[in-house]
Amino acid sequence: MTDIEVPDLHGKLALVTGGSDGLGLGIATRLARAGAEVILPVRNAVKGAAAAARISGDVSLRTLDLSVLASVVALADQLNADGRPINLLVNNAGVMAPPVRQTTGDGFELQFQTNYLGHYALTARILPLLIAGRARVTTQSSIAARTGRIHFDDLQGARSYAAWRSYNQSKLATLLFAAELDRRSRANGWGITSNAAHPGLTSTNLQAAGPNLGRARQSPMDAMFKRARGLGWPVQTVDRGILPALYAATGPRAAGGEFYGPRGLLQFTGAPRRLRMYRSARDTSVAARLWDVSAELSDVTFANRGN
């Protein structure tokens, strides 16, 4: 199978982060093609406009920089003021493995905030709209989550930074969050279905943007992916890499609390299938602790709608 059928999404409102290129653009394109109205919250307005022009369908742009919590608040306030129920939320945006530790204006390690904490805060702040839309929330994780650990004693890598350790932690955090959101939705009767996906090894700008930050020469990761892309394995193209998240977000049989990824060797490539949650993501006590820590760090909770 080289593709999946996306059901009719006319009348649905979808929000896709990181939609100005790569996986996010591919997902947004397919959702719009199926009839959904798509909101693309982007950091770069020029890049966002170019992306929107490539999508055939009902697409609008908003401003969002996940590495700035005030930007998350501003977008959420706009959406809540509009009051339109959101039916699909795809938490997709991310940055990967800057070689030197980068901190955001909020004081957090860049990957932790962009990949995870910003998405936690956005989801929390638009929760009423997600409840009203009985939304499906799909959060993009990574194979890297398999070897990730949550370092509660050094979440921001301030004492000891390693690019891949911090990336793996951020992607494990997204996976823990997706599962915990589904558990809390069930417990509180929110009606939200939350799941997660990963794209295998998909060649996008992600392999260049993060690893090349602060480098004078091309990152070895960027060079490796470009060579592998030419060979056709073990790296796949965006049109294949979007399938797990697209299935998780729209598939009639995709379920809450589940994890979807490629079915091929080592989960690198292939058609989407349900995966067993990585061992590192199955500890509910870690998920609950991370949820509480995230509420404190982002200054937003789900408490007024449950907890």
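Which residues does asparagine 168 touch, not counting residues up to four places away in sequence? In this predicted model, they are Ala144, Ala145, Thr147 and Gly148. Asparagine 168 is part of helix α6. Its relative accessible area is 12%, and because buried means under 20%, asparagine 168 counts as buried.

**The chain as a whole**

The chain contains eleven helices and eight strands. It has 307 residues, of which 57% count as buried. Among the contacts with a separation of 6 or more, 72% are between residues 24 or more positions apart.

**The sheet**

Eight strands form an open sheet with mixed pairing. Their order across the sheet is β3-β2-β1-β4-β5-β6-β7-β8. The edge strands are β3, residues 59–63, and β8, residues 272–275, and each of them pairs on one side only. From one strand to the next, the twist averages 25°. Strands of a sheet pair through backbone hydrogen bonds, in either a parallel or an antiparallel way.

Strand β6 covers residues 193–197 and is mostly covered itself, with four of its five residues buried. In the sheet order, β6 stands between β5 and β7.

| Pair | Residues of the partner strand | Bridges | Direction |
|---|---|---|---|
| β5 and β6 | β5, 136–140 | five | parallel |
| β6 and β7 | β7, 259–262 | two | parallel |

Individual residues can be followed across both pairings. Threonine 138 has asparagine 195 in β6 as its bridge partner. On the β7 side, alanine 197 has tyrosine 260 as its bridge partner.

The path of the chain from β5 to β6 goes through α6. This β-α-β crossover is right-handed.

**Helix α6 and its surroundings**

Helix α6 spans residues 163–188. The helix lies across four strands, namely β4 (88–91), β5, β6 and β7. Relative to β6, α6 runs at about 155°.

Helix α6 also meets helix α11, which spans residues 284–298. The axes of these two helices come within 9 Å and cross at roughly 95°. Angles of 65 to 115 degrees count as roughly perpendicular, so α6 is roughly perpendicular to α11.

Which residues form the contact between α6 and α11? From α6 come Ala173, Leu176, Phe177, Glu180, Leu181, Arg183 and Arg184. From α11 come Thr284, Val286, Ala287, Ala288, Leu290, Trp291 and Asp292. By type, the residues of this contact divide into nine nonpolar, one polar and four charged.

**A residue in another helix**

Proline 128 lies in helix α5, which spans residues 127–132. Is proline 128 buried or partly exposed? Its relative accessibility is 35%, and because partly exposed means between the 20% limit for buried and the 50% limit for exposed, proline 128 counts as partly exposed. Proline 128 and asparagine 80 are 48 residues apart along the chain, and their C-alpha atoms are separated by 7.9 Å.

Key:
Residues numbered from 1 in each chain as written. Predicted model: local features only at pLDDT ≥ 70, side-chain atom pairs only at ≥ 80, totals over all residues. Heavy atoms only, no water. Axes fitted to C-alpha atoms, helices over the stretch in contact; angles between N-to-C directions. Parallel < 35°, antiparallel > 145°, perpendicular 65-115°, else oblique. Contact = heavy atoms within 4.5 Å. Nonpolar A, V, L, I, M, F, W, Y, C, P; charged D, E, K, R; others polar. Buried < 20%, exposed > 50% of the residue type's maximum accessible area, 1.4 Å probe, protein only. Pairing = 2+ DSSP bridges. Right-handed = clockwise from strand over helix to strand, strands pointing away.
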